[in-house]
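Please look over the model below before reading the numbered points.

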Amino acid sequence: MKGLFAWVGFRTVTIDYVRAPRAAGITKFSGYSLWNFALEGFTSFSSVPIRLWTYLGTIGAFLAILYAIFIVFRTLFWGNSVPGYASLFVAIIFFSSVQIISIGMLGEYIGRIYMETKQRPIYVLRRKY
């Protein structure tokens, strides 16, 4: 609800108060339930978690290319201690990163489709004159 109120643009005010102890029983929310509730609120109003995978994949691909350049120079100047290991490692890391980038891009499209299917208006009128 907090995300929905913020999205609509209602004015918010903070009210400090001291909460009385629970009168009876114990809470039914476990830590796991609260975590899922937080994730639901975070993912319902943002595509940042999806976009994060694109960024992580890009960083991984960039690091794989840098490591490949390092391996080439190391092999040229000092030889190769274990043949095949470095090139296989770079190939796996690079192509895994490309897959993560692809998943992130696909997720972006799915996230935009999801936002459109909510059919939320672009703006809400506060007052009509």
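1. In which helix does glycine 104 lie? Glycine 104 belongs to helix α4, residues 85-117; helices are DSSP runs of H or I with at least four residues, numbered from the N terminus. The model is predicted, with local features needing pLDDT of at least 70 and side-chain atom pairs pLDDT 80 or more, while totals for chains, interfaces and linings use all residues. Residues are numbered from 1 along each chain as its sequence is written, and side-chain values use heavy atoms, without hydrogens and water.

2. Glycine 104 has a relative accessible area of 1% and therefore counts as buried (under 20%; exposed is over 50%, partly exposed in between, with a 1.4 Å probe and protein chains only). Beyond residues up to four places away in sequence, glycine 104 touches Ile50, Trp53 and Thr54 (contact: heavy atoms within 4.5 Å).

3. Threonine 54 sits in helix α3 and is buried, at 15% relative accessible area. Apart from neighbours within four places in sequence, threonine 54 contacts Ile101, Gly104 and Met105.

4. Isoleucine 69 is also placed in helix α3, which covers residues 48-78. Isoleucine 69 is partly exposed because its relative accessibility is 41%.

5. A nonpolar surface patch of about 1,200 Å² includes Ile69, with Phe62, Leu66, Phe73 and Trp78 among the other members. Patch residues have over 30% relative accessible area and no salt bridge, and nonpolar side chains (Val, Leu, Ile, Met, Phe, Trp, Tyr) are joined within 5 Å, like charges within 9 Å. A salt bridge is a side-chain nitrogen of Lys or Arg within 4 Å of a carboxyl oxygen of Asp or Glu. Accessible areas come from the Shrake-Rupley method with a 1.4 Å probe; for residues, only the protein chains shown count as cover.

How values were computed: Helices (H or I, at least four residues) and strands (E, at least two) are DSSP runs, numbered from the N terminus.
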